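Please find below a set of numbered comments for the discussion of this entry. They concern individual residues, secondary-structure elements and the contact between chains.

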Amino acid sequence: MKSDLFVFLFAMWGLIIVGGGIVVTLLGPITISGFGEFDWFIASVIKAVIALVLVVIWILILSKLKNWIFKKEIKL
Amino acid sequence: MIDLLIPAIISCIVAFVVVFVMTPPLIKILEKRNFAVKDMNKKEDVMVVRPGGPAIIAGIIASEIVLYAFLQMNEILAILITTTAAFLIGYVDDRKVMGGWFKPVALAIAAIPIIALGAYDSDLAFPLFGTVQIPALYLALIIFMIPITGNTINSIDVLNGVASGFMVIASFSLSICLFIIQNYEIAIVSLPLGFVSLAFYKYHKIPSKIFPGDSGALTLGAMYGAIAIVGGVEIIAAVALLPAVINSFLFLSSVKRVVEHRQIKGKPVEHTEDFRLKATDDKKAPVTLVRLILAGGPMSEKQVAFAIFKLAIFSGILAVFTAFMMGVSL
């Protein structure tokens, strides 16, 4: 077995660690005030949208990484 | 910690013995009823019985009931109900061919007991950077987690012994991580999963005497996901599961839709004259982990299985690193 799979696994791990850092840094401080009892709901919606965008970006990066690492194998 | 030792030992013995003892009679019953499928990777016409799910769920229920008798934690009940529901969903799929969306939707419903019993902490913990509070978003995460882990283990169940062997490595890695972050109670609750998988591996390894079927694979995957949620180790669990996640990711990114394996037209893998496995050059076939492993040249089924286990051990080590990093803050 080629080492490419281990490289991809390690890269995926790195992306999880970095992605986690971005999530904590971006989502952690978000608090909303001025909407009364809806504050938590609006904050949650904003967090959900940002989280979804981050997940999409994460998948796109992973896709590029996959194509780059397994260039030859994917064409087979 | 010491007071948890006795329940831990008893539950692990019960988990292992129940599956180890129950599987041979289950094989005989399934043979009598002719619940067998052809092992596609054998030269001769070898028929293997399925599903092994009933033996697996029996081991899990027995061991978790023992733990509940000692610890009386809601978390155990949540794991037990969710895992049993996943087994039933898998069993329905074993008996009747269901659509591609059946399992993900039904498994999402199976996650509800975790929420109903309040067996979760909505703070999501990341290594190095600390935690983030996402109360509403976390509920969605619970709903998604069980279908993802269930189907991920199901999708890696492609060769003799791979699903159970992979679960032995991933679940013991997760248990070690839970001990490292000092979540001792959930660590002990997680141990039976490893022992159940180990006992089943005895009969599932090459040459398989029984296949786990959807009921077995979904049971193992759903229990793994439930432990990750109630133990607050979602990220660590994802890391330990990375080879299976990669398999699902490669599959989905090549077929670009949620689809059952039987609906796929192209074959990712074929056989050489001496019946070793080799990657096909079929453009319609999905890219899978096995296909990538075989890109270097033909290998025997056993060699491919061990290549997957090597990847699982590597990601298990990364998971342990991640657990240590949980205690470090930047």
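1. Leu15(A) is partly exposed, because 15 other C-beta atoms lie within 10 Å (a residue is buried if 20 or more other C-beta atoms lie within 10 Å of its own, exposed if 12 or fewer, and partly exposed in between, with C-beta atoms placed from the backbone). Leu15(A) belongs to helix 1 of chain A; helices (H or I, at least four residues) and strands (E, at least two) are DSSP runs, numbered from the N terminus. Not counting residues up to four places away in sequence, Leu15(A) touches Trp58(A), Ile61(A) and Leu62(A), a contact being two residues whose C-beta atoms, placed from the backbone, lie within 7 Å. Between the C-alpha atoms of Leu15(A) and Trp68(A), 53 residues apart along the chain, the separation is 15 Å.

2. On provenance: this is a predicted model, in which local features need pLDDT of at least 70, side-chain atom pairs count only at pLDDT 80 or more, and totals for chains, interfaces and linings use all residues. Residues are numbered from 1 along each chain as its sequence is written, while chains are lettered from A and ligands numbered from 1 in the order in which they are written.

3. Chain A averages a pLDDT (the predictor's confidence in each residue, from 0 to 100) of 83, and 91% of the residues score at least 70. Where pLDDT is low, the predicted coordinates should not be read in detail.

4. Chain A contains 3 helices and 0 strands, in the order α-α-α along the sequence. Its radius of gyration is 18 Å, well over the 11 Å that the globule rule gives for 76 residues, so chain A is more spread out than a compact globule; the radius is taken over C-alpha atoms, and the rule is 2.2 Å times the number of residues to the power 0.38. The C-alpha atoms fill a box of roughly 60 × 20 × 15 Å along the principal axes. Of the 76 residues, 17% count as buried.

5. How many residues does each chain give to the contact between chain A and chain B? Chain B supplies 30 residues and chain A 27 residues. Elements giving two or more residues to the chain B side include helix 6 (135-155), helix 11 (242-255) and helix 13 (301-326) of chain B. That side divides into 25 nonpolar, 4 polar and 1 charged residues (Ala, Val, Leu, Ile, Met, Phe, Trp, Tyr, Cys and Pro count as nonpolar, Asp, Glu, Lys and Arg as charged, and the others, Gly among them, as polar).

6. Strand 3 of chain B pairs with strand 4 of chain B in the antiparallel sense over 4 bridges, pairing requiring that DSSP finds at least two bridges. Leu124(B) stands opposite Val132(B) of strand 4.

7. Helix 7 (residues 162-180) of chain B has 19 residues, which should span 27 Å at 1.5 Å a residue; its end C-alpha atoms are 27 Å apart, which agrees. The expected span is 1.5 Å times one less than the number of residues. Helix 7 of chain B is mostly covered, with 15 of its 19 residues buried. Gln182(B), which follows helix 7 of chain B, has a positive phi near 65°.
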